[in-house]
Amino acid sequence: MKKTGFLLFTFCWIPLFMLAQEGKKTVVALPVSVSPKIDGILDEEAWSKAPVAGEFIQRKPFNGKPTAFRTEVRFLYDNSGLYVGAIMYDPSPDSILTQLGLRDSQGLNSDYFMLMLSPFNDGINAFCFMVYASDVQVDFKIPGGSSYVEGDMSWDAVWLSKARKNDQGWVVEMKIPYSAIRFPKTTVQHWGINCQRDIRRYREAGSWNFVDSKIDGYVNQGGMLEGIQYIRPPLRLSLSPYVSGYMQKNPDDPQWQFTYNYGADLKYGINESFTLDMTLIPDFGQVPSDDKIYNFSPFEIQYNEKRQFFTEGTELFNKTGIFYSRRIGGQPKGMNTVSDSLFDREKVLENPTQTRLLNATKISGRTSHGLGIGIFNAISGNTWAKVQDTITGNVRRILTQGFTNYNMIVLDQALKNNSYFDFLNTNYHMNDNGYTANVTGIAFKIANKNYTYAFIGDAFISQKYYTHSSSDLGYHYNLAFGKLKGNFLFTFNQLLETDRYDPNDMGFNDRNNKFINVLVLNYNLYEPFGKFLDATNRLQFAYNCLYDEFKYSSFVISGESNVTSRKHLTIGGTYSLIPVLSRDYYEPRVKGFMYIQPAEYQFTPWISTDYRKKLAIDILLGGYIASRYKSCGFSISLRPRYRVSDRLIIQYSVDYEHIFNNVGYVIDSLDVNQNAVILFGRRDLRTITNVVSANFMFSSRMSLDFRLRHYWVTAPYYSFFRLRSDGSLYPVVYTKDHDLNYNLMNIELTYTWNFAPGSQLSLVWKNAVNTVTNFIENDFLNNFNSTFGSLASNSFSIRVLYFLDAIYLKRKKG
């Protein structure tokens with residue numbers, strides 16, 4: 001048996017389950033002078049002397065009832081970190097589910113144990129560390145009072161854990177280094193905490209401190225961890241250098257190109273509460289491809305951020321819509337105007353689709369008084385397109401975006417009753433033309449003492465100006481009041497944006513010039529009734545206007561309901577009704593025009609089977625009908641998944657949507673009198689998306705992933721109309737061909753090996769095909785074969801990232 005000693009200290013004994021606050025349990029962590037070995041065997045003497053956090057209570061399915069099996073959790077600490085030992089008793093260890101997955105895998109068919117830490121005990125923000133019974137690590141943050149299912153999964157920390165089955169159930173042992181979290185700079189720590197255990201075969205989730213399903217939030221329903229005091233955290237400094245190599249070929253260049261990159265990510269703990277993160281010469285070549293779609297709408301499509309630096313530790317910056325990290329290193333502002341700058345006989349050789357990002361830095365943390373501070377800065381260099389004279393061969397460059405600085409500052413003050421008040425500012429500056437865009441505002445949440453009602457909102461002013469010109473000013477506010485607790489919930493929300501409000505240099509806003517009032521009613525059943533475990537219902541009324549003279553736009557009734565049976569079959573549906581004609585001021589794409597939209601009705605029922613079974617399937621059906629042009633449609637989605645073993649899972653999804661007689665914008669121009677001529681067309685929109693994916697786990701740290709996505713949309717046009725000034729249409733003769741047959745195919749094969757904490761080797765093959773034609777191919781196999789045989793871009797890459805910790809290097813040197 002391994003031996004360990006105890007630091008001598010004096011403290012007043014706190015009864016194990018005394019109520020530190022109303023409804024909150026308390027547990028004490030004991031100090032140790034010798035760190036326990038993280039091996040999943042709790043045989044150090046210190047573990048037997050540590051107080052026990054037990055008596056777990058169900059969160060699901062029987063909220064408030066005792067859990068089926070006993071769970072015991074103990075805590076130790078030293079100057080380097082917090083140690084957690086959890087014993088999950090189970091009378092049938094062979095029945096414990098243990099599906100393998102890579103780090104941060106979600107929804108594995110496996111039991112798990114989760115630790116939630118809220119070092120500032122603000123009831124809003126927390127760090128979560130989860131370990132599956134299959135020894136797979138997951139970590140995430142819960143920002144801004146969200147529920148744990150809405151956590152920020154992009155956050156990654158370096159910590160140790162080991163899960164091990166035994167004849168009494170299974171055990172998890174963890175070490176959470178202080179470098180992985182932020183905590184107040186105080187002598188005595190008072191941390192919010194909760195522990196959750198999931199027994200997968202019963203679909204039972206239980207927590208140490210009771211989490212009432214009728215109360216909004218998760219962090220605010222945690223208990224207390226006491227006893228941690230007089231700790232002296234070591235230096236928090238780590239460097240993650242990388243080197244990568246690429247071999248790639250594009251359809252317009254048959255020659256293989258070889259390139260390499262190198263750079264590093266730096267993380268420095270300024271103190272216990274604040275951390276500096278920096279990426280130098282970042283490389284995002286292995287980031288998974290976007291699931292792009294063809295955009296028929298007048299609005300920009302928002303895609304998820306997948307670059308790790310911009311997803312990790314950015315919860316302070318993402319609280320509102322004024323920070324959209326894909327703007328940074330995104331498409332150059334002048335990329336689409338290069339062809340307008342060509343002289344006769346010139347052609348485009350290169351036109352980068354992304355700006356050249358040089359570095360990015362963020363500083364974030366929270367003071368002992370609950371003030372969160374976030375500072376973000378990024379710099380991109382000049383981005384050039386290359387064009388060539390086809391006769392002389394001369395090459396010249398066209399600047400598509402000059403040197404650009406991106407900056408954001410956030411002050412987030414945590415208040416009582418899980419409330420907060422924020423100040424936010426973004427600043428975007430292009431030096432070559434003196435352009436600056438600035439957005440400044442506030443965001444807040446004010447809840448009452450019992451956390452039953454809350455007033456939530458934000459307000460921003462946007463400014464755009466060039467050197468030697470006047471500024472362009474716009475503003476936005478969004479206010480909501482709602483009930484947070486009980487079976488019946490409601491929210492009333494009002495949003496206003498002027499026609500000049502524009503945060504899109506660093507944020508995302510698909511449209512401005514709007515005034516929206518929304519009432520949302522919810523009625524949820526959290527406790528089992530009859531043959532069902534729970535049910536949720538939402539009904540929403542939205543009245544939409546323009547900000548400009550508050551012109552009516554639309555009235556929409558929508559909602560959804562779902563219910564889960566005791567056999568874990570979930571059935572639900574969504575619906576949307578626009579019962580009266582609406583006025584669409586955006587579809588015409590020309591200011592001053594509108595299109596009178598017909599009344600519309602949509603309904604989408606769905607069913608989801610039990611994911612514990614080897615074979616599970618989700619089925620979605622949809623129906624659509626409009627009051628004009630005989631427009632109607634249907635959709636169907638089938639998403640089966642088959643778990644061959646705990647190491648191999650295969651998933652397939654097919655989504656088919658067909659809308660008949662859809663009417664939408666085609667093109668606009670000016671007539672001889674300089675009047676706008678806007679043409680609409682009647683078309684059938686058919687979209688088919690097929691996705692095949694497979695994941696094979698060699699171990700919990702090594703995997704092979706395959707994914708193929710084929711997206712196909714066709715749009716044959718049958719007739720054309722001209723838009724009148726009153727929003728109506730009248731038929732016209734138009735002979736140009738606007739039929740569309742669009743294909744996008746992405747294939748990715750990824751090998752990943754997490755060979756050490758924070759360190760990774762990855763090999764990626766990417767294949768992409770994109771085709772557009774006016775010829776409508778109605779045969780799926782012919783279309784697929786044609787797409788598969790088209791010229792494709794190919795990329796093979798290898799990347800090695802190694803985590804270097806200053807403490808480890810210092811000990812090794814010593």
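Student: Hi! Is Cys545 buried or exposed?
Tutor: In this predicted model, Cys545 is buried, because its relative accessibility is 9% and the cut-off for buried is under 20%.

Student: And how many disulfides are there in the whole structure?
Tutor: The search turns up 0 disulfides. Cys195, for one, is in no disulfide: the nearest cysteine sulfur belongs to Cys128 and lies 11 Å away.

Student: Buried or exposed, that Cys195?
Tutor: Buried, with a relative accessible area of 1%.

Student: New topic. What is the order of the strands in the open sheet with S17?
Tutor: The order is S17-S20-S21, and these 3 strands pair antiparallel. S17 (346-350) and S21 (395-401) stand at the edges; each has a single partner strand, so one side of each lacks a neighbour in the sheet. From one strand to the next, the twist averages 35 degrees.

Student: How many bridges link S17 and S20?
Tutor: There are 4 bridges between S17 and S20 (residues 383-389), in the antiparallel sense. Glu350 stands opposite Lys386 in S20.

Student: Okay, on to the surface. Which residues form the nonpolar patch?
Tutor: Among them are Ile375, Leu415, Phe421, Tyr453 and Phe481, and the patch as a whole has about 910 Å² of accessible area. Strands S22, S23, S24, S25 and S26 are the elements that give two or more residues to the patch.

Student: Which strand gives the most?
Tutor: That's S22, with 3 residues. Leu415 is found in S22, and Leu415 counts as partly exposed, at 36% relative accessibility.

Methods:
Residues numbered from 1 in each chain as written. Predicted model: local features only at pLDDT ≥ 70, side-chain atom pairs only at ≥ 80, totals over all residues. Heavy atoms only, no water. Disulfide = S-S within 2.5 Å. Buried < 20%, exposed > 50% of the residue type's maximum accessible area, 1.4 Å probe, protein only. Pairing = 2+ DSSP bridges. Axes fitted to C-alpha atoms, helices over the stretch in contact; angles between N-to-C directions. Patch = residues over 30% accessible without salt bridge, like charges linked within 9 Å, V, L, I, M, F, W, Y side chains within 5 Å. Areas by Shrake-Rupley, 256 points an atom, 1.4 Å probe, with all protein chains shown as cover. Salt bridge = Lys/Arg side-chain N within 4 Å of Asp/Glu carboxyl O.
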